[in-house]
Amino acid sequence: MRSHQGELEVSRKSLTIERDLWDQTFFSFMTVKKEFLTFKAAVLIQRWYRRYVARLEMRRRCTWRIFQSIEYSCEQDQIKLHNFFSYLMDHFTPSSSKERDFISRMLTEEESYKDTELEKLCDYESVEVLDSYTGPHLSFPLLPDHATALLEAFKQKQQLHAHYVLKLLHETRRHLMQLPNINHVSTCYSEEITIWEGFAVCPLLTLWHLTYFLFSYVFNGDFVDRGKQSVEILIILFAFLLVYPKEVHLNRGNHEDHMVNLRYGFTKEVMQKYKVHGKKILKMLQNVFCWLPLATLIDQKVLIVHGGVSDMTDLELLAKIQRHKFVSVLRGKKRKGKSRHMDSKVINGESPVGVDPPRSSSFPGSCLQPGLASTASRTELSQWVRQTVEEELEKCRRQVGFSETPGDKELTCVSSVTMTESELESCETSESSQGEWKQIVDLLWSDPMPQEGCKMNTVRGGGCYFGPDVTENILQKHSLQLLIRSHECKQEGYEFCHNRKVLTIFSASNYYEIGSNRGAYVKLGPDLVPHFVQYQANKTAHTLTLRQRISRVEESAFRALREKLFAHTSDLICAFKGYDQEETGTITLSDWATAVESVLHLGLPWRMLRPQLVHSTAGGLLEYKSWLDYLAVEQRSKEHIQSSLLETIYRNRSNLETIFRIIDSDHSGLISFEEFHQTWTLFSSHMNIELTDDGISDLARSIDFNKDGNIDFNEFLEAFRLIEHTHCDDKAALPTSDGC
């Protein structure tokens with residue numbers, strides 16, 4: 001019995017052990033399975049997240065490309081428009097002293113002012129400060145307290161009186177005149193040097209910590225055209241420059257140019273804030289800008305310029321240039337002579353096929369090419385100039401509302417004799433002057449590229465693209481170790497390229513849209529190792545997630561792109577019809593992408609962007625008229641204007657505003673009848689338009705809708721719309737044609 005009980009006890013223990021082992025095994029299995037499933041889930045989540053981030057990054061890059069392409073195309077338009085007016089003026093023979101004076105004021109500028117002329121121009125003493133003025137007061141020489149008072153006043157939305165603005169500009173000019181073309185800064189004097197760019201978009205509060213300048217600061221150009229507070233930013237920078245002349249250093253940027261200011265808003269801002277004395281302030285600013293140093297050199301090792309360099313950059317030559325002679329680098333030194341002789345065959349588009357414009361690493365639209373020794377190159381230049389001018393004339397015809405008639409196609413000039421070599425010589429500046437101009441242009445307008453070599457910057461329309469080999473050659477030639485530049489918006493606020501030999505720094509956060517990019521500045525110590533500080537100036541951007549920021553910026557980019565597409569509706573229809581040979585009203589999506597690029601020339605990945613722009617297709621085909629109608633409805637929801645008129649306004653508004661400000665040579669915000677008369681005399685002499693003096697006067701009076709004897713921009717724009725409307729009615733009355 002006991003033996004049997006013992007066996008049962010052993011059996012129970014054995015079963016217990018087996019059960020425990022089974023439980024442990026099962027538990028271990030379930031643990032392993034759970035870990036396996038967890039690991040598998042983690043891998044799946046990781047894959048999903050990587051794909052998600054990759055898609056966001058692709059959207060961000062496409063958005064960035066859209067913004068940059070549109071921005072650079074606007075710069076191209078500005079340069080082309082300026083070249084057009086420059087050519088008109090260079091080939092216009094004034095018939096009276098009044099016309100000569102008007103042409104002198106319109107685009108040309110004095111290369112240098114005598115001190116007596118500047119004193120008269122400035123004349124701040126004649127600008128009385130009334131007792132009712134409650135803004136900040138300045139006394140010279142400036143003290144740190146004055147700079148602090150300015151900051152506090154601008155925080156309170158106060159405005160500095162024109163008297164003090166003119167006095168400040170006068171003192172700033174006197175100080176800048178004493179500076180060399182290339183500032184030399186040493187970390188021995190200041191243990192830390194900070195480099196900024198694009199300051200005008202940063203809130204004024206970001207300047208508050210700069211009140212006490214313990215270290216040195218280099219502000220690398222583009223102080224204006226960056227927002228609604230460019231005037232205040234400029235005043236603050238000039239004030240700090242005078243208070244701390246050894247600590248504050250300013251480089252000239254491509255926007256420190258009165259011709260660029262005409263388009264990008266600074267001229268308009270000055271005239272709005274200083275309606276009475278704005279013209280004096282603008283004239284003084286022109287002369288102050290041209291005295292800004294071109295570069296800064298830190299410890300003879302780090303070169304700071306706004307744009308970049310080229311294969312022709314020579315610091316020794318730059319140090320000797322009389323920089324103040326280049327008031328606007330968009331327009332080179334004055335040409336030696338004028339010529340009105342053009343070959344009518346070439347102007348009418350009958351130039352030999354295959355003639356390309358001469359290569360240049362400066363402005364591709366300029367006819368000022370140095371070193372054209374051979375007759376063949378001069379002939380190519382002649383042909384290219386004539387062809388380019390005809391294209392710009394045709395643009396101007398459309399902008400002012402003149403329809404093309406058979407007579408227009410047979411446009412002739414004063415002489416149909418081919419331009420001779422001596423006449424071409426008159427279109428060129430001296431080789432030395434042209435070389436100096438090119439040095440400055442490349443410094444202010446150039447961009448780096450990953451490829452080797454140096455070529456003209458066709459994207460911006462000015463300056464050049466320089467490769468790693470160019471950077472290496474420049475650094476070795478001048479015993480440098482780093483090039484710091486700005487001129488380009490970067491998502492993180494800074495970016496290295498060319499084997500970390502070139503550093504781009506961009507200090508304006510939210511440049512394209514809230515959340516589009518961070519701002520950054522860089523600090524250099526005695527070891528010259530860059531240390532970066534990044535920031536977001538807008539509080540809203542801090543509350544947005546990555547997806548929300550990208551979606552917000554993407555929406556803004558595609559809105560701008562749709563406006564661009566709508567502005568070229570007529571050209572797009574012509575391009576689409578070229579692929580729609582059977583007139584079905586549909587084209588393939590591949591043809592759509594090719595046609596859109598052929599019209600806009602933005603270099604965008606249209607096939608990738610297509611889902612955001614084209615929402616409905618049938619069988620892989622696009623009904624292009626319906627798509628264009630959709631774009632028109634989208635834009636008309638914002639502007640209650642006839643679709644065809646709205647298209648023209650969208651396309652030409654920037655050019656029209658620039659043209660208006662060029663004609664308004666005294667920056668009064670109004671075009672006088674005399675200015676209007678002289679401008680139309682200039683246009684009519686090149687468009688073969690027969691307009692009598694009485695006819696021009698009648699035209700001016702008809703545009704002056706409120707009959708105050710002047711034409712403001714709204715009247716100018718309204719007249720353009722009316723002319724375009726009449727032009728459309730005339731076209732509608734003609735027999736229909738399938739051709740474009």
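Modeller: Two strands pair if DSSP finds at least two bridges between them. Keep in mind that this model is predicted.

Biologist: What makes S10 and S12 a pair?

Modeller: Three bridges join S10 (residues 482-485) to S12 (residues 502-505). The cut-off is at least two bridges, so a joint of three bridges counts as a pair. The two strands run parallel.

Biologist: What joins S6 to S10?

Modeller: Three bridges again, between S10 and S6 (residues 302-304). These strands also run parallel. Leu 303 stands opposite Leu 483 in S10.

Biologist: Why are both faces of S10 called covered?

Modeller: Look at each side. Leu 482 and Ile 484 lie on one face, and both are buried. Leu 483 and Arg 485 lie on the other, and they are buried too. Buried means under 20% relative accessible area, so each of these four residues falls below that value.

Biologist: How much of the chain is buried?

Modeller: Buried residues make up 51% of the 740 residues. The chain has 26 helices and 18 strands.

Biologist: Which residues make the contact?

Modeller: On H19, they are Asp 571, Leu 572, Ala 575, Phe 576 and Tyr 579. On H20, they include Trp 592, Ala 595, Val 596 and Val 599. By class, the contact has eight nonpolar, two polar and two charged residues. Asp counts as charged, so Asp 571 of H19 and Asp 591 of H20 belong to that class.

Biologist: What makes S7 and S8 edge strands?

Modeller: The open sheet has three strands in the order S7-S9-S8, with mixed pairing. S7 (447-448) and S8 (454-456) each have a single partner strand, so one side of each lacks a neighbour in the sheet.

Biologist: How do you know that S7 and S9 pair?

Modeller: They share two bridges, in the parallel sense. At least two are needed, so two bridges meet the cut-off. Pro 448 stands opposite Phe 466 in S9.

Notes
Residues numbered from 1 in each chain as written. Predicted model: local features only at pLDDT ≥ 70, side-chain atom pairs only at ≥ 80, totals over all residues. Heavy atoms only, no water. Contact = heavy atoms within 4.5 Å. Buried < 20%, exposed > 50% of the residue type's maximum accessible area, 1.4 Å probe, protein only.
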